[in-house]
Amino acid sequence: MRVVSERIRQSLDKGKISLRRNSTILPVYFNTPPQIPSGKNLRQIYPQFENIIFMASRLTSEKNISLALNVFVDVLKNRPKTGLVVVGSGPLENRLQKEVGELNIEKNVVFEPWQSDLAPYYQSTDIFLLTSNFEGFGLTLIESALSGCPIVTTDVGEASFTLKDSEGALVCPVGDEKCLVDSVLKIFTDTTLANRLKNESQRVASILVLSKEEYLTRMKTSWERIIT
């Protein structure tokens, strides 16, 4: 069996699922974000924001964007000129828009439709925020890390594995609103921490980058293990 992360492999062990052979870890294939920003620049598009938090996500229940909105309310109490830009689409879009209105944060929250090229977003924001209840791999975590964007995330996907807490990201327990608020504010106020997270996240995430040829070779090997 091929799994996309160590987290999934461990979940099989916890579930006492018996396999004929040990599973093979092979992440989903992804392209390395370009190092030179191109296209949209969030700071130019939204000059009214002194700081920007960016999220890229399907608008579905497991992504828990509602938690992010509540986190953002507390962040605004300390940094009222901060903006939250959410790129994505999904069945909860209307409900989330309504929640923004109920929380009275319409001037600080922007929803944009899904984009095929997120590199300019990662490269022109202060923090990438992920509040999911679960992720198998968490591709956006790795993309943002490779772009040198400080990350605050719940403990899902590659968080605590590739992106270890206080090294490649600030990692909080799933659903822990206070931890997420404290982590966001810590990055905003500690430049040394922010720079260290940028450098370390790029370093550890680069280990997962494979050429197309190498990826296909590993995929072929995983298939051969199944049929032999």
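1. The largest pocket holds about 460 Å³ of space. A pocket here is an open set of points on a 1 Å grid over the protein atoms alone, with protein on both sides within 12 Å along at least five of seven lines, for a 1.4 Å probe. Grid points are joined across faces, edges and corners, and the volume is the space filled by probe spheres set on the points. The model is predicted: local features need pLDDT of at least 70 and side-chain atom pairs count only at pLDDT 80 or more, while totals for chains, interfaces and linings use all residues. Residues are numbered from 1 along each chain as its sequence is written, and side-chain values use heavy atoms, without hydrogens and water.

2. The largest pocket is lined by 29 residues, a lining residue having an atom within 4 Å of a point. Trp114, Leu118, Tyr122, Thr140 and Glu143 are the closest to the centre. Two or more lining residues come from each of strand S3 (51-56), helix H5 (119-122), strand S6 (127-130) and helix H6 (139-146); H6 has the largest share, three residues. Elements are DSSP runs numbered from the N terminus: helices (H or I, at least four residues) and strands (E, at least two).

3. By class, this lining of the largest pocket comprises 13 nonpolar, 11 polar and five charged residues. Ala, Val, Leu, Ile, Met, Phe, Trp, Tyr, Cys and Pro count as nonpolar, Asp, Glu, Lys and Arg as charged, and the others, Gly among them, as polar.

4. The second largest pocket holds about 240 Å³. Of its 17 lining residues, Thr125, Asp126, Pro150, Ala194 and Lys198 are the closest to the centre. Helices H7 (177-189) and H8 (191-205) each give two or more residues, with H8 giving the most, four.
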